[in-house]
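Hi everyone, thanks for coming. Let me put the structure up, and then we'll talk through a few charged pairs.

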Amino acid sequence: MTTPEPAAAPDPRTRPEDADWRLFSGDGTPRRTPFPPAPPWRRFDPEDAAEEHATASSRPYLIGPEEADVVNAALHLRRPLLVTGHPGTGKSSLAHAVAHELTLGRVLQWPVNSRSTLRDALYEYDAVGRLREASLRRNADGEEPDIGHYVRLGPLGNALVPRERPRVLLVDELDKGDIDLPNDLLTVFEEGWFVIPELARLPEDHAPVHVQTDDPDHPAAVTRGRIRCQEFPVVIITSNGEREFPAAFLRRCVRLELPEPDEKRLRDIVSAHFGADALDGVDDLLQEFLDRRASGELATDQLLNAVFLRKGGIGLDASSLFEAVLHRLGGAV
C-alpha cells in the first residue's frame with residue numbers, strides 16, 4: 001500500500017481571503033493577471049483630456065457653508081483666494097471643483113517650486129528656435145517665420161487672455177517659491193495685465209501677433225505686446241504654511257483656512273464617492289483613521305483608499321489595511 005505524500009504547506013503569503021484581490025504574489029512566476037477597475041479618482045481618459053471644457057474634478061467635492069461663503073466672496077470681489085490647511089484637506093481640489101461647478105473649462109495649473117519665476121508663468125519665448133528657423137528659411141530663400149510661433153503663454157498668461165468668462169488658475173504651493181515671488185505677482189494681480197517685451201519692440205504699425213496658448217487651435221491675438229484680461233481670472237493659491245507672505249500680498253487676497261473634516265463630514269465624503277451603502281462595514285476604518293489622525297497629519301484621500309480596498313473585497317482588518325495606505329504626511333520617511 002502506497003503511503004500518500006503529505007499535503008504541501010500553504011504559502012504563508014497567501015490567505016484565503018486574499019485570493020480574489022491579490023495581483024502580485026512575489027513568487028517570481030509570470031502571470032497575465034487581469035486588472036480590476038481603478039478607483040474613480042485614478043481613471044484617466046485621453047479623450048476627455050483633449051476636451052476644451054474638461055476638468056479634473058467631475059468627482060464629488062464637499063465643502064462647508066462657511067468655507068463656501070469665503071469662496072463666493074473671492075469670486076464677487078475678483079480677488080485671488082489664498083487657501084491654507086493641512087495636506088489632504090482638499091486645497092488643490094477646490095480649484096477643480098470651482099471650475100467644474102461653474103463650467104469654466106479646464107483648470108490652468110502653475111505648480112510652484114524654488115526655481116519658479118513670474119516670467120515663466122506669463123510666457124516663454126524661444127529665441128534660439130526662432131533664430132535657427134530664420135537661418136534655415138533664409139538659406140532656402142523663404143520668408144522668415146512669424147514671431148508669434150515662438151511665444152507660448154504660461155498658465156498665468158493664459159489666464160489673463162481676454163474672454164467673456166474667466167478661466168480658473170491654480171497656483172499650487174506658492175510657499176515653495178522664491179521669497180520675492182509673491183511681491184512679483186502684486187502688479188499683475190492688481191492691474192490684470194502684462195507686456196511681452198519681445199512683441200512690444202515691434203513697429204507700431206505691426207499687425208497683431210498671434211501667440212500660442214494652452215489650446216493649440218486658438219492662438220491669442222496680441223497688439224503691441226500687451227495682454228489684459230476682460231474678466232479677472234479665478235485665481236486659487238494654495239499654501240502649506242511653510243512660510244509667511246508679505247502683508248501687501250495678503251491684503252490683495254481673500255484668505256480661506258480649510259479645516260480637517262470631522263467624523264460627520266468624513267461619512268458624507270465617503271457617501272459622495274461610493275454611495276450611501278459604502279458606509280456599511282467601514283466603522284472600524286473611520287475610527288482607525290480618526291485615531292491615527294489625532295497623532296499626526298493624515299489626508300482624507302487615504303481614508304478613501306482604504307474604503308475602496310475594503311469594498312473591493314480585500315479581507316484585511318482596519319489596522320492591517322491602513323498599514324498599506326495610511327502614513328504620516330510629515331517628518332522623515
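So, which side chain does Arg106 meet in a salt bridge? Asp214, at 3.0 Å, N to O; by salt bridge I mean a side-chain nitrogen of Lys or Arg within 4 Å of a carboxyl oxygen of Asp or Glu. Arg106 sits in the loop between α3 (91-101) and β2 (108-111), and Asp214 in the loop between β7 (209-211) and β8 (220-222), so that pair links parts of the chain 108 residues apart. (Helices are DSSP runs of H or I, at least four residues, and strands are E runs of at least two, numbered from the N terminus.)

Quick background: this is a predicted model, where local features need pLDDT of at least 70 and side-chain atom pairs count only at 80 or more, while totals for chains, interfaces and linings use all residues. Residues are numbered from 1 along each chain as its sequence is written, and side-chain values use heavy atoms, leaving out hydrogens and water.

Back to Asp214: at 25% relative accessibility, it's partly exposed (buried is under 20% relative accessible area, exposed over 50%, partly exposed in between, with a 1.4 Å probe and protein chains only). Asp214 is also touched by Asn158, contact being heavy atoms within 4.5 Å. Asn158 lies in helix α6, residues 155-159, and is buried at 3%.

The whole structure has 14 salt bridges. Another one is Arg78 with Glu231, at 3.1 Å, N to O. Those two sit in separate loops, so the pair ties together parts 153 residues apart in sequence.

Terms used: Lists of a residue's contacts leave out its neighbours within four places in sequence.
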